[in-house]
Amino acid sequence: MAKPTILTVDDDPMVLAAITRDLRERYGSSHRLVRASSGAEALGVLAELVLRDRPVALIVSDQRMPGMTGVEMLAQAREHAPGAKLLLLTAYADTDVAITAINDIGLDHYLLKPWEPPDERLYPVVDDLLEDWRRNNPDHSSDVRVVGHRWSERSHEVKVFLARNHIPYRWYDVDRDVEGARLAGLADASATELPLVLVPDGDTLRAPSSLDVASALGLRTTADQPLYDLCIVGGGPAGLAAAVYGASEGLSTVIVERQAPGGQAGQSAAIENYLGFPKGLSGADLTHRAVAQVSRFGAEMVLARDVTGLQTRGPVKAVLIDDGGEIEARAVIIATGVSYRRLEAPGLEPLTGRGAYYGATASEASQCEGDDVYVVGAANSAGQATLNLARFARRVVMVVRGSSLDESMSSYLVDRIKATANIEVRLRSEVVAARGEGHLEHITLRDRDAGGQEEVPTSWLFVFIGASPRTDWVGDDILRDDKGFVITGADLATVSDRVPWPLARAPFTLETSLPGVFAAGDVRLDSMKRVASAVGEGAMAVSFVHGYLATM
Ligand SMILES: Cc1cc2nc3c(=O)[nH]c(=O)nc-3n(C[C@H](O)[C@H](O)[C@H](O)COP(=O)(O)OP(=O)(O)OC[C@H]3O[C@@H](n4cnc5c(N)ncnc54)[C@H](O)[C@@H]3O)c2cc1C
């Protein structure tokens, strides 16, 4: 496998030599360092690398160069190497240019010259950028191999599970890659045994469940202890924040997550409104950092397990797990968020996971290279996905029921969508049917004003049409509204006729109608549905857990 390239660009030979030397010192064993002394030369080098199918992980360019500035070059470089991370070296006077470039060309970072000492100023930035690139380009850095059919739902689920758990993998399409066919042949795998997952120690998993994959890769799928101070259900931003605060404040803490940590936020290509990250950060990056923090403080995370019920046993609660197991805890935080609503269109259901998807991960985006892609929805999640898909697809068509994007999407996203040449927005439109043999091949669009219908060919449909909580498992002791959102704190007074509050003290804020069980994040009635508020509520819930435990 070719080493990923780091390209350095500067017309000043001293600076070019210094940055190349510092980068080679730390990354030389795992990356190829290539240098160019002008913007034009850099673009030529990039074109050559792309032709030879060499992955480009990072481009580091000085801003001030004759002929073509760093930002101008990086803007064009994006087209050659869409996934490469872009780092601009600037003088203090160019700071404004660099900040503008974050929005205009998707610059990933800028660094003021000189970058001495590199251990403090250069390497932490480049470590982060390369780690992020590796996560988005697992094909170039992985020993786990997945062999399957491009349009198989199970293959898709396995790939999503690996990607969302930050496990790099190489994907082989059994129909299109010689190596895929060879591996399937070597394993003597029948069609029903695909996908194969080949893990580094030599085990071959055949059509495995997420739990099989998790177990084979050594992810934790069972809890260590029978009893915890705190059990958190759901590993999205609210659950992860609760785990960090719970464990760091001395509570024995476990999270149970049915798929992978990160929740909805983990699917976001760029979270731009989270405090402290002016360039924004990907959901994968945020999750990766949060999971490291959770484990540093010693909270346990049990993955690939669905929580199916909750029981009260005297002073403890039992959280019931899908395999028949259970975890007991003195307090529980429900942080199960919301899941995508399904799009009702004849023919679509059997094609889900076979070209029609709810949400989109980075790996799907890169697989759409050169294709026409349709996105349904008009909220921020649809906007972010559209911009991400447009980096790879030939054309992205947004199908929007309303008459304007401005009604439902943040203006910074609307502006970027309007400025992106290969995005088309079809207002007052909806998807009313889908068809395909084995995978999505056509969708039917309806004009909501004129009533006319048009069938268009496409293999990719991504749906983002809002979400609702799935909270049936919590049982009748925990009051929910008619949509399933969990009612907490002072709001319980308005529904006390249904389940009277049993204690003399008032419920804590974020406490549900069952004392000792709290709710945080999107699953809670009237929550803000933002990463920051979910994180805030997760942290707050822990302080109420302390309050509750003190009363026991
Ligand atoms: C594509 C996309 C982009 C977004 N972009 C932004 C943005 O830029 N800025 C912003 O502020 N917000 C954004 N949001 C919204 C934000 O991600 C959510 O508000 C936030 O993730 C809510 O966090 P949460 O922890 O409450 O729930 P979730 O993120 O929904 O996490 C809930 C977790 O619980 C797990 N779970 C559910 N049921 C069970 C069960 N029974 N057993 C075990 N585990 C279970 C789920 O698998 C999931 O991992 C975006 C959302 C999406 C979908």
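**Before you start**

You are looking at a predicted model, in which local features need pLDDT of at least 70, side-chain atom pairs count only at pLDDT 80 or more, and totals for chains, interfaces and linings use all residues. Residues are numbered from 1 along each chain as its sequence is written, and side-chain values use heavy atoms, with hydrogens and water left out.

**Stop 1**

Select residues 316-321 for strand β14 and 326-334 for strand β15. Strands here are DSSP runs of E with at least two residues, helices are runs of H or I with at least four residues, and both are numbered from the N terminus. Four bridges join β14 to β15, and the two run antiparallel. Two strands pair if DSSP finds at least two bridges between them. Colour K317 and you will find A329 of β15 opposite. These two strands form a hairpin with four residues between them. In the turn, pick out G324, which has a positive phi of about 95 degrees.

**Stop 1**

I333 stands opposite F518 in β26.

L230 has A331 in β15 as its bridge partner.

**Stop 1: D229**

Stay on β10 and select D229, which belongs to this strand. Is D229 buried or exposed? At 16% relative accessibility, D229 counts as buried; buried means under 20% relative accessible area, exposed over 50%, and partly exposed in between (1.4 Å probe, protein chains only). Show the side chain of R330 as well: the side chain of D229 makes a polar contact with it at 2.7 Å. A polar contact is a pair of N or O atoms within 3.5 Å; within protein, one must be able to donate a hydrogen and the other to accept it, and residues adjacent in sequence count only if both atoms are side-chain atoms. Not counting residues up to four places away in sequence, D229 touches G250, L251, S252, A329, R330 and A331. Contact here means heavy atoms within 4.5 Å.

**Stop 2: the ligand**

Next, look at some atom pairs:

- An N or O atom in the side chain of E257 is 2.7 Å from an oxygen atom of the ligand.
- A polar backbone atom of R258 is 3.1 Å from a nitrogen atom of the ligand.
- A backbone N or O atom of V307 is 2.9 Å from a nitrogen atom of the ligand.

On its own, the ligand has 1000 Å² of accessible area, and the protein covers 93% of that. Accessible areas come from the Shrake-Rupley method with a 1.4 Å probe; for residues, only the protein chains shown count as cover.

**Stop 3: strand β4**

Move to residues 85-90, strand β4. Six of its six residues are buried, so β4 is largely enclosed by the rest of the structure. Turn the view to check both faces: K85, L87 and L89 lie on one side, and L86, L88 and T90 on the other. Strand β3 (residues 56-62) pairs with β4 in the parallel sense over five bridges, and I59 stands opposite L86.

**Stop 4: G70**

Select G70 in helix α3 (residues 70-80). G70 counts as buried, at 0% relative accessibility. Leaving aside neighbours within four places in sequence, G70 is in contact with S61, D62, Q63, M65 and L88.

**Stop 5: T95**

Finish at T95, in helix α4 (residues 95-104). T95 is buried, with a relative accessible area of 17%. The side chain of T95 reaches the backbone oxygen of Y92 at 2.5 Å.
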